[in-house]
Amino acid sequence: MANYSTNEFKGGLKVMLDGDPCSIVENEFVKPGKGQAFNRVKLRNLMTGRVWERTFKSGESLESADVLELEMEYLYSDGEMWYFMMTDGSFEQYAAEKRALGDTEKWLKEQVAYTITLWDDKVINVNPPNFIELEVVETDPGLKGDTAQGGSKPATLSSGAVVRVPLFINQGEVLKIDTRSGEYVSRA
Amino acid sequence: MATDWHPTAEIATLRERARLIAALRAFFAERDVLEVETPVLSYGGSTDVHLASLSTQATTPAGRETLWLQTSPEFHMKRLLAAGSGPIFQLARSFRDGEVGRRHNIEFTMLEWYRPGFSLAELISECDALIRQLLPQDPGPLRQRRYRQLFREALGVDPFTATLDELQRLASKHGGLDMANSPHDDCLDLLMSLVIEPTLGRDGVDVVVDYPASQAALARRHRDPQDGEWVAARFEIYLAGLELANGYDELIDANEQRSRFSADNAQRRALGRPEVDIDERLLAALAAGMPPGCGVALGLDRLLQLALGKERVAEVMAFATPRC
């Protein structure tokens, strides 16, 4: 496996730290005029999403992490694993555990493409698209004519997510949702 | 379309840069300090353990030879002083391998000047006056801060008497890395860079003085009159958390200088770093006699960065690494 030295560290580079694959967020070179040089590095732990701040002596190196980000369509779940398929025509399938899915579990919809992070060929993270269209499976009946006034109510979507929607939304309607904030955007 | 041919500084910034450099030349002209130009290339290099020098091959009348690119114009300028130049300054392109970041660039401009007969206090005051002339607003008062006192206040440790073990533990804790095998000065450097430096020059100009004798570089050493410890007769000026200038009461003893160069190279060998050819002509100049006095090197790009309110040195350079 290749090694990267501190002077090769740049945003997005994938390296191993404390046994976990990490993505470099920021690398700052710190050096007193006539003294030992250091690099102050921020890394995102790809397993936990947490950002670490570490200091390295300049010239130290970290092993590269075999991490790939790929687009894959969601297929189905057997209750234990969630299955995704490559969209490059290879039909290659990958299974994700619940831990890798995290919050994305509530944004799953068949045939939608997700960004899958693979480490050593294992799925470690599943990221939904920023916007997704989902059907309302349960909500209080819509209030006719109330299209302008504020006010909202909870609605359960086909993926299981519960979002706040305007009062005029009815069961069976398809909505556009921002997965980053979990907020209703518009009718689809 | 590729845009990496663009300058890293805006054209308007380059105009400001030129205006400030003209003001700087006027500052020295008023004080009768002679502007000089010395070579970037030299047969001797900087042995400083923590500076990585670039070198190149050139064909000279003597054949194919290795020449070093200067890490600062210090050695050539000291030879001029020994030859009787009197006070001199230079805007010198200098090179330090591997140094690229928000406040570093491999190739940069060093403003260096020498004042025969000046005390450190006189040079500090001149340096402060120059900084104030170039900054658009008043940076606040000039404050003298003792190295030892800074460590006591920020870290509760005396850098002169603390055990190596204690410093290694502190450095590991504040750096978030293992410093258990690091030498004394590396631990101090880390704590200085990561803990103390960011707090300096926040509402005034901070001058750090009385460095440990082990960090004297090319400065004289003397006993601190207050507590009797050996200290280096040098200062550093900090503004807005940035190290701007490094000044010395210059070492003028050729034998002492030779032994420091040799000690640097011995340390380089121990660390597996390449040795650097000692500048014999500098040593010969010192042996012939360089007038006592003080000198200072100021990172011009950093001062311009602060004067022009920029985030990175690259923003005040036409084509910073790696756009060069």
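In chain B, 68% of the contacts between residues at least 6 apart in sequence join residues at least 24 apart (a contact means C-beta atoms, placed from the backbone, within 7 Å). This is a predicted model, where local features need pLDDT of at least 70, side-chain atom pairs count only at pLDDT 80 or more, and totals for chains, interfaces and linings use all residues. Residues are numbered from 1 along each chain as its sequence is written, while chains are lettered from A and ligands numbered from 1 in the order in which they are written.

**View 1. Chain B as a whole.** Chain B has nine helices and 12 strands (DSSP runs numbered from the N terminus: H or I with at least four residues for helices, E with at least two for strands). Its radius of gyration is 20 Å, close to the 20 Å that the globule rule gives for 324 residues, so chain B is as compact as a globular protein of that length. That radius is taken over C-alpha atoms, and the rule is 2.2 Å times the number of residues to the power 0.38. Of the 324 residues, 42% count as buried (20 or more other C-beta atoms within 10 Å of the residue's own; exposed is 12 or fewer, partly exposed is in between, and C-beta atoms are placed from the backbone).

View 2. H7(B), residues 254–270, has 17 residues and reaches 24 Å from first C-alpha to last, close to the 24 Å expected at 1.5 Å a residue (1.5 Å times one less than the number of residues). B:Gln257, B:Phe261 and B:Asp264 are buried. Seen down the axis, the buried residues of H7(B) fall within an arc of 60°, so they line one face of the helix (the arc uses directions from the helix axis to the C-beta atoms). They pack against helix H8 (280–288) of chain B. On the other side, exposed residues include B:Asn255, B:Ser259 and B:Arg269. Just after H7(B), B:Gly272 takes a positive phi of about 75°.

**View 3. Where chain B meets chain A.** Here 21 residues of chain B are in contact with 17 residues of chain A. On the chain B side, helix H6 (184–196) and strand E11 (242–249) are the elements giving two or more residues. H6(B) supplies the largest share, seven residues. The chain B side divides into six nonpolar, eight polar and seven charged residues (nonpolar: Ala, Val, Leu, Ile, Met, Phe, Trp, Tyr, Cys and Pro; charged: Asp, Glu, Lys and Arg; polar: the others, Gly among them).

Methods. Contact = placed C-beta atoms within 7 Å.
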